[in-house]
Amino acid sequence: MRYAAPTTIDEARALLAADGDAIVFAGATDVVPQMRGGRPEPSMVIDLKKIDRLMSVGLEGDTWSVGAAVPTSVLTADAAFTADFPGLSEAAGLIGSDQIQNRCSLGGNLCNASPAADSVPALVVNDAVAVIAGGGGERRVSVAEVVTGPGQTSLAHDEIVVCFEMARPAARTSDAYLRLIPRTEMDIAVVGAGVRITLDGDGTVSAASVALGAVAPTVVRVPAAEAALVGSSLDDAALAAAAAAASDACNPIDDKRGTIDYRRQVAGVLTRRAAGIAADRIRTRNGQTSNEERAS
Amino acid sequence: MSRTHVNCEVNGDAVDFLTEDGESLLNALRDELGLIGAKEGCGTGDCGACSIIMNGRLQCSCLIFAPEADGAAITTCEGLASADELHPLQQCFLEGAALQCGICTPGFLVAAKALLDENPDPTETEVRYALAGNLCRCTGYDKIVRSVLEAAVQIRTPA
């Protein structure tokens with residue numbers, strides 16, 4: 001097996017195009033364990049971390065660009081990024097240990113195509129766009145369209161995810177991500193829930209995005225939960241309706257991490273709680289009393 | 001299998017070695033450079049026994065392809081002590097009985113060093129989260145956590 005460390009996207013794509021058994025990697029935190037397990041057995045591993053554009057994070061105008069190979073610890077340590085996307089930052093900070101977060105990337109988390117990938121629901125609720133380099137140049141697709149099933153993506157063999165583009169959140173908008181695991185660290189999501197909401201001046205929800213992980217073959221966007229939240233003041237009835245819609249949207253499996261019924265119920269609970277956290281973040285930022293403070 | 005010539009800095013010394021491309025940095029450190037502190041526990045990035053600091057970041061050397069180390073600066077547990085004195089973390093682990101079988105210890109020492117380099121005054125909770133990527137089947141962790149907190153005190157207030 002060969003190791004290659006190209007410094008340009010064109011060079012990386014040429015290596016891929018010339019060898020049907022070559023694979024690309026960033027942190028290799030999923031690829032190496034999979035190789036140790038016998039699949040895949042690549043003829044070449046192409047390291048993407050020497051390509052500047054895949055390792056850059058920056059704000060241009062009102063659009064964030066996050067390189068696909070940037071270690072997630074760089075994102076969680078970036079105060080400006082975390083202020084704009086606290087939910088995505090907390091999702092990135094839940095992936096494995098410090099050792100893993102110093103290598104693992106959003107591009108790898110997406111392209112590994114695990115239904116339980118923590119960062120993907122958080123990317124989806126922020127309408128993140130994947131910039132993909134391929135034969136005809138670059139194309140931009142919604143992150144939700146990249147993964148087609150467990151371990152499966154819509155990428156052609158010689159295509160590479162270069163970066164993610166996300167518009168800065170509108171005023172009075174914030175996100176949150178919650179995941180349930182049976183312990184506090186170092187586990188894979190039983191259920192993950194990402195929520196982004198926008199509140200208008202009187203506290204009414206004017207926009208909402210809800211996406212769930214680990215409850216279906218791919219991350220699930222839940223328009224019915226979004227519709228239940230929009231127009232409400234996040235009152236109990238609206239939150240209960242959103243939770244019920246999230247539970248209904250699940251198509252989970254029974255496995256050692258949780259049963260179908262358990263996952264359905266938890267998806268509703270996490271959706272409700274994440275909506276509350278996102279709203280509290282908006283109110284806190286705008287100097288208003290949060291729900292937590294009101295309760296105390 | 002292709003072979004690559006790797007030049008890097010390990011514990012302050014310029015070194016070079018020849019490695020098969022698919023080899024892990026962990027095996028290269030152990031087999032080519034004779035640095036057998038880092039251990040293979042799981043080989044999949046879960047246990048932290050192979051922890052090293054590469055280019056300032058704590059990482060599992062079992063997940064790194066050896067050729068990735070070309071041009072890198074690496075610290076292993078062998079780099080903690082000076083010529084005639086143990087690192088405060090090592091001394092505190094000894095005095096605090098923070099090890100039994102010792103397999104996980106080099107990884108814990110390196111992970112704890114990475115923590116204290118960044119946060120010289122961690123809380124117990126911060127220590128426990130920072131060491132969540134290191135598994136120990138002997139100690140129950142309590143003596144490890146206490147020893148790291150004691151070492152932090154000693155490093156902040158040298159005798």
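In helix α2 (residues 88-95) of chain B, the buried residues are B:P88, B:L89, B:Q90, B:C92 and B:F93. The model described here is predicted. Just after α2(B), B:A97 adopts a positive phi of about 50°.

Chain B as a whole contains five helices and five strands. Read from the N terminus, its elements follow the order β-β-α-β-β-β-α-α-α-α. The radius of gyration of chain B is 16 Å, close to the 15 Å that the globule rule gives for 159 residues, so chain B is as compact as a globular protein of that length. Along the principal axes, the C-alpha atoms of chain B fill a box of roughly 45 × 30 × 25 Å. Of the 159 residues in chain B, 45% are buried.

The domain assignment of chain B gives domain 1 (3-79) and domain 2 (88-156). The centres of domain 1 of chain B and domain 2 of chain B, taken over C-alpha atoms, are separated by 21 Å. Contacts between them involve 14 residues of domain 1 of chain B and 11 residues of domain 2 of chain B. On the side of domain 1 of chain B that touches domain 2 of chain B, strand β3 (residues 51-54) of chain B gives the most, with three residues. By class, this side of domain 1 of chain B comprises eight nonpolar residues, five polar and one charged.

Chain A is also divided into domains, with domain 1 covering 2-167 and domain 2 covering 173-295. The C-alpha centres of domain 1 of chain A and domain 2 of chain A lie 25 Å apart. Here 24 residues of domain 1 of chain A are in contact with 26 residues of domain 2 of chain A. The elements of chain A that give two or more residues to the domain 1 side of this contact are α5 (86-92), α8 (119-125) and β8 (147-149). That side of domain 1 of chain A, touching domain 2 of chain A, has 16 nonpolar, six polar and two charged residues.

Strand pairing in chain A includes both parallel and antiparallel cases. Strand β1 (residues 2-4) of chain A runs parallel to strand β3 (residues 44-47) of chain A, and three bridges join them. In this pairing A:R2 stands opposite A:M44 in β3(A). Strand β2 (residues 22-25) of chain A is likewise parallel to β3(A), with four bridges between them. A:F25 stands opposite A:D47 in β3(A).

An open sheet of four strands in chain A has the order β11-β12-β13-β14, with antiparallel pairing. Its edge strands, β11 (173-180) and β14 (220-221) of chain A, each pair on one side only. β11(A) is joined by eight bridges to strand β12 (residues 191-199) of chain A, and the two run antiparallel. A:L180 stands opposite A:V191 in β12(A).

The largest nonpolar core has 146 residues, of which A:F164, A:L212, A:A242 and A:A246 touch the most other members. Helix α11 (residues 260-285) of chain A gives the most to this core, with nine residues. Beyond its neighbours within four places in sequence, A:A242 is in contact with A:V210, A:A225, A:A228, A:L229, A:T271, A:R272 and A:A275. In soluble globular proteins, nonpolar side chains tend to be buried together.

Between the two chains, 22 residues of chain B are in contact with 19 residues of chain A. Elements that each supply at least two residues of the chain B side are β4 (57-60) and α4 (124-130) of chain B. On the side of chain B that touches chain A, β4(B) gives the most, with four residues. The residues on this side of chain B divide into nine nonpolar, 10 polar and three charged.

Key
Residues numbered from 1 in each chain as written. Chains lettered and ligands numbered in written order. Predicted model: local features only at pLDDT ≥ 70, side-chain atom pairs only at ≥ 80, totals over all residues. Core = buried A, V, L, I, M, F, W, Y, C linked by C-beta atoms within 7 Å. Buried ≥ 20, exposed ≤ 12 C-beta atoms within 10 Å, placed from the backbone. Contact = placed C-beta atoms within 7 Å. Domains from an automatic or database assignment. Nonpolar A, V, L, I, M, F, W, Y, C, P; charged D, E, K, R; others polar. Rg over C-alpha atoms; globule rule 2.2 N^0.38 Å. Pairing = 2+ DSSP bridges.
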